[in-house]
Amino acid sequence: PPQGSINDLFGKTGDIDTGFVDLMAMRILNSKSEQVTSITTGDYINLEISLRFNHACDDPHVGFRIHNAMGLSLYQTTTLAFGEKIGKLPAGRTITIVFSFFLNFSPGRYTVTVGVSNIALENGFFRDTLFRKTHVMAFGILPDSIPMLWAGIINLKPSMQIYQDTANDVK
């Protein structure tokens, strides 16, 4: 795993820039549509990705990946995985994709990788990788205020009941 600060992960191996696409902006917005750099575990967020296509694309798809502080990929998805098609785009077009979800990861530091591909193939693969910027944005997750203690990578937010059978109690 990478050593040192989470900032050491920015712009490392895995970046691809063919010139077809420019990343114009990437932001995390909280439930009030405010741009934030940290959230509380379990918060509902919007991950907003704005891209400019410098060349026409037949079947573009956009995705993201969230990494922990050691660079391990914890979650990834694409527009293809959602069954969504952006459609043909002319050169010069700017699009914004917004992925919305509850982020139930454990408190810590995380980064986001963004990727753009063209021409979907079977099983979630693509013919052309147009752009990938690894660890392009960092954010923090803070503990929630719920008094339940938990450990691990993700908070399942479980519920619990205790039932006692008193029929055979010794009197």
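Where is Asn30 found? Asn30 lies in the loop between β2 (21-29) and β3 (38-40); strands are DSSP runs of E of at least two residues, numbered from the N terminus. The model is predicted, with local features requiring pLDDT of at least 70, side-chain atom pairs counted only at pLDDT 80 or more, and totals for chains, interfaces and linings using all residues. Residues are numbered from 1 along each chain as its sequence is written, and side-chain values use heavy atoms, without hydrogens and water.

Asn30 is buried, at 16% relative accessible area. Buried means under 20%, exposed over 50% and partly exposed in between (1.4 Å probe, protein chains only). A polar atom of the Asn30 side chain lies 2.9 Å from the backbone nitrogen of Lys32. Not counting residues up to four places away in sequence, Asn30 touches Val36, Tyr44 and Asn46 (contact: heavy atoms within 4.5 Å).

Strand β5 (residues 60-68) is largely enclosed by the rest of the structure, because eight of its nine residues are buried. β5 pairs with strand β8 (residues 108-120) in the antiparallel sense over nine bridges; pairing requires at least two DSSP bridges between two strands. Thr111 in β8 is the bridge partner of His67. β5 also runs antiparallel to strand β6 (residues 73-78), joined by five bridges. Here Phe64 stands opposite Thr77. The β5 and β6 strands form a hairpin with four residues between them. In the turn, Gly71 has a positive phi of about 90 degrees.

Ile154 is found in the segment after β9 (126-142). Ile154 counts as partly exposed because its relative accessibility is 44%.

Definitions and conventions:
A polar contact is a pair of N or O atoms within 3.5 Å; within protein, one must be able to donate a hydrogen and the other to accept it, and residues adjacent in sequence count only if both atoms are side-chain atoms.
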